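Here are some notes to read alongside the model. Take them one at a time, with the structure open beside you.

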Amino acid sequence: MIEGKIMISENMKLVQENIREHCEKSGRNIEDVTLITVSKTKPIPQLQEAYAAGSRDFGENRVQELLEKFDQLPSDIRWHLIGHLQTNKVKYIIDKAYMIHSVESLKLAQEISKEACKKHVSAKILIEVNIGNEDSKFGLNKSDVIPFLKEIHELPGLQVEGLMAIAPICATPEENRSYFQEMKELSVDIIRENIDNIHMNVLSMGMTGDYTVAVEEGATHVRVGTGIFGER
Ligand SMILES: *Cc1c(COP(=O)(O)O)cnc(C)c1O
């Protein structure tokens, strides 16, 4: 356990240091990048270590797991739901998730809106983009994002904060640079559309294998699991 402790806090320091370095390299401000500690499959004590080392943003991909951890960890944690969300589970997390990163269908957006209104909350959401056009991944194709935003922008209780992407698995981070650039360009195009109620404050992209390049290309949130906790 002691080794585990040291490992997690040391890894977090290293990741933060990399983020700082790549912010500097690209003229960005470190305050504009949030590290989300992706804790899926990891046991509570490891999350507590990450919390003790300063993490307040945790990412989970399953509703049930997020709920269990929510109950057992401090209440100042911001829980990010980063995995695919089924409409029938929205009601359980609507007032627990700080932000839902994985909205990619009208049906899901409508359900989040409905449940948010019921609980009198405003749900922060991101639109998931399948930037590599991979069959294995969820998310909208790039060209469908603006029409989709025009469909959902008037739904009450929804706060569209930006975009999320899972880039293809890469051998080196450089391979995904063009995908991250496309995401940034898409967010700029969306801002130009000036759609009521649609904000582009968040660009959630970059994981253990490629977050350094994602930071250089404008990520506001990087989602790092393996790089902090080790292999799953
Ligand atoms: C698991 C996961 C991550 C973290 O992946 P690592 O490669 O372990 O950093 C990031 N984003 C999503 C959506 C994930 O499911």
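1. Let's begin with a term you'll want in a moment. A crossing of two helices is called right-handed if the near helix is turned clockwise from the far one by less than a right angle, and left-handed if anticlockwise. Also keep in mind that this is a predicted model.

2. Now try the term out: helix 6 passes helix 7 in a right-handed crossing. Who makes the contact? On the helix 6 side you'll find Val-145, Ile-146, Leu-149 and Lys-150, and on the helix 7 side Leu-186, Asp-189, Ile-190 and Glu-193. Sorted by class, that contact holds five nonpolar and three charged residues, with no polar ones.

3. Two packed helices are described by the angle between their axes and the distance between the axes. For helix 6 (residues 145-152) and helix 7 (residues 177-193), the angle is about 45° and the axes are 11 Å apart.

4. Of its 13 lining residues, Met-12, Gln-16, Leu-35, Gly-54 and Ser-55 sit closest to the centre. The classes here are three nonpolar, six polar and four charged.

5. Which element gives the most to the lining of the second largest pocket? That's helix 1, with four residues. Helix 1 (2-25) and strand 1 (34-38) each supply at least two residues of that lining.

Methods: Residues numbered from 1 in each chain as written. Predicted model: local features only at pLDDT ≥ 70, side-chain atom pairs only at ≥ 80, totals over all residues. Heavy atoms only, no water. 1 Å grid on protein atoms, 1.4 Å probe; cavity = no way out; pocket = protein on both sides within 12 Å on 5 of 7 lines; lining within 4 Å. Nonpolar A, V, L, I, M, F, W, Y, C, P; charged D, E, K, R; others polar. Axes fitted to C-alpha atoms, helices over the stretch in contact; angles between N-to-C directions. Contact = heavy atoms within 4.5 Å.
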